[in-house]
Amino acid sequence: MSAKRLKRQQLKKQLFTKNRLVILNEESFEEIFSLKLNLMNVFVVVTISAILIISITTYIIAFTPLREFIPGYASNKLKKDATLLAVKSDSLALEVKKNELYIQSIKKILTGDLEYAKFKKDSVLNPENVDISKDELNPSEDELKLREQVALEDKYNLFEKAQSKVNLVLFPPVRGHITEKYSAKNKHYAVDVAVPKDTPIKSVANGTVVFADWTPSTGNVIIIKHRDAILSVYKHAATLTKTQGDVVRTGEVIGLAGSTGKESTGIHLHFELWKDGFTIDPTQFIDFE
């Protein structure tokens, strides 16, 4: 016990023994600065300084923008920007996919790689196969009363106006003799109408020109997008009077008939009608003669 006590006393003496730190002028040995201290003072000062440095560093990392310069840390603004960019990239990817599908449809029109679908004559909407049960066909008592009431009203209604069942009325692009009809069997998904040279070609309905350019196989081609996702295609024109992006009205001249392109066999208009990526027989809606 005495040895341990002796060591403690010696350690305490070393810690609290006063020393003088003196700074002298090297040439004149004049005292410039002196400081009385002991090991305990040095230990306390060093400990407090370390605590202050750690506290200041922690504050800078946690509460100031300087942490952005430390590897592994990111600001809230950067996180928000990254999230916003991710959402925008997803939206752009969806738009790119839609544009690719649209461009594929245009390519099918230009290359002739077509798909055939049957449509009702009184509507350009693709019919859906609906399974209707017999119970649904039997009218209820309320329906029978309503039918009788409507029949009585119609019987004495002298001002009733007939309404067209056609959802879309199309204007003839040209008037002439059809040299080749629409035939899905022969893979001719258009009508060829013979007309004199430079006959004005007119738009079948209001719409926007989505393509107007020359192609090696079909010559000058113009494609117009109408409402209800309908496309009208005019090929082998001698010249085009509209460009891509132009808005046209029903019956407005969009080009002059001719015989351009390798596939042309004479002066005529090659006319196609599309709906939702499928071809339609134009003669179901247009009288060319």
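1. A salt bridge, in this note, is a side-chain nitrogen of Lys or Arg within 4 Å of a carboxyl oxygen of Asp or Glu. By that rule, a search of the whole structure finds 4 salt bridges. The structure is a predicted model, in which local features need pLDDT of at least 70 and side-chain atom pairs count only at pLDDT 80 or more, while totals for chains, interfaces and linings use all residues. Residues are numbered from 1 along each chain as its sequence is written, and side-chain values use heavy atoms, with hydrogens and water left out.

2. On the overall make-up, the protein chain has 5 helices and 12 strands; helices (H or I, at least four residues) and strands (E, at least two) are DSSP runs, numbered from the N terminus. Of its 289 residues, 27% count as buried, where buried means under 20% relative accessible area, exposed means over 50%, and partly exposed lies in between, with a 1.4 Å probe and protein chains only. The protein chain exposes about 21,200 Å², and carbon and sulfur atoms supply 58% of this area; accessible areas come from the Shrake-Rupley method with a 1.4 Å probe, and for residues only the protein chains shown count as cover. If a contact is taken as heavy atoms within 4.5 Å, then residues 24 or more positions apart account for 59% of the contacts in the protein chain with a separation of 6 or more.

3. Which strands does β6 pair with? Two strands pair if DSSP finds at least two bridges between them. Strand β6 (residues 207-215) runs antiparallel to strand β7 (residues 219-226), and 7 bridges join these two. A hairpin leads from β6 to β7 through 3 residues, and the bridge partner of threonine 215 in β7 is glycine 219. Strand β6 is also joined by 2 bridges to strand β9 (residues 247-248), again in an antiparallel arrangement, and here threonine 208 stands opposite valine 247. As a general point for reading such strands, the side chains in a regular strand alternate between the two faces of the sheet.

4. Among the salt bridges, lysine 235 and glutamate 272 bring their side chains together at 3.1 Å, N to O. This pair links distant parts of the chain, with lysine 235 in strand β8 (residues 230-240) and glutamate 272 in strand β11 (residues 268-275), 37 residues apart. Both lysine 235 and glutamate 272 are buried.

5. Another salt bridge is formed by glutamate 252 and lysine 242, whose closest N and O atoms are 2.5 Å apart. Glutamate 252 lies in the loop between β9 and β10 (253-257), and lysine 242 in the loop between β8 and β9, 10 residues apart. Glutamate 252 counts as partly exposed because its relative accessibility is 25%, whereas lysine 242, at 18%, counts as buried.

6. Is aspartate 276 buried or partly exposed? With a relative accessible area of 48%, aspartate 276 is partly exposed, while its salt-bridge partner lysine 275 counts as buried at 6% relative accessibility. The side chains of aspartate 276 and lysine 275 meet at 3.4 Å, N to O. Aspartate 276 sits in the loop between β11 and β12 (278-280), and its phi is near 55°, a positive value in a residue other than glycine.

7. A positive phi of about 65° is also found at histidine 236, although this residue is not a glycine. Histidine 236 has its place in strand β8, and it is buried, with a relative accessible area of 3%.

8. A search of the whole structure finds 3 aromatic pairs. The rings of tyrosine 182 and tyrosine 189 have centres 6.1 Å apart and planes at 70°, so this pair is edge-to-face. Rings of Phe, Tyr and Trp (its six-membered ring) pair if their centres lie within 6.5 Å, and planes under 30 degrees apart count as stacked, over 60 as edge-to-face and the rest as tilted. Tyrosine 182 and tyrosine 189 are both buried. Elsewhere, Tyr234, Phe271 and Phe288 form one aromatic cluster.

9. Strands β1 (19-24) and β2 (31-37) each supply at least two residues of the patch, and β2 gives the most, with 3 residues. Leucine 35 is found in strand β2 and is partly exposed, with a relative accessible area of 37%.
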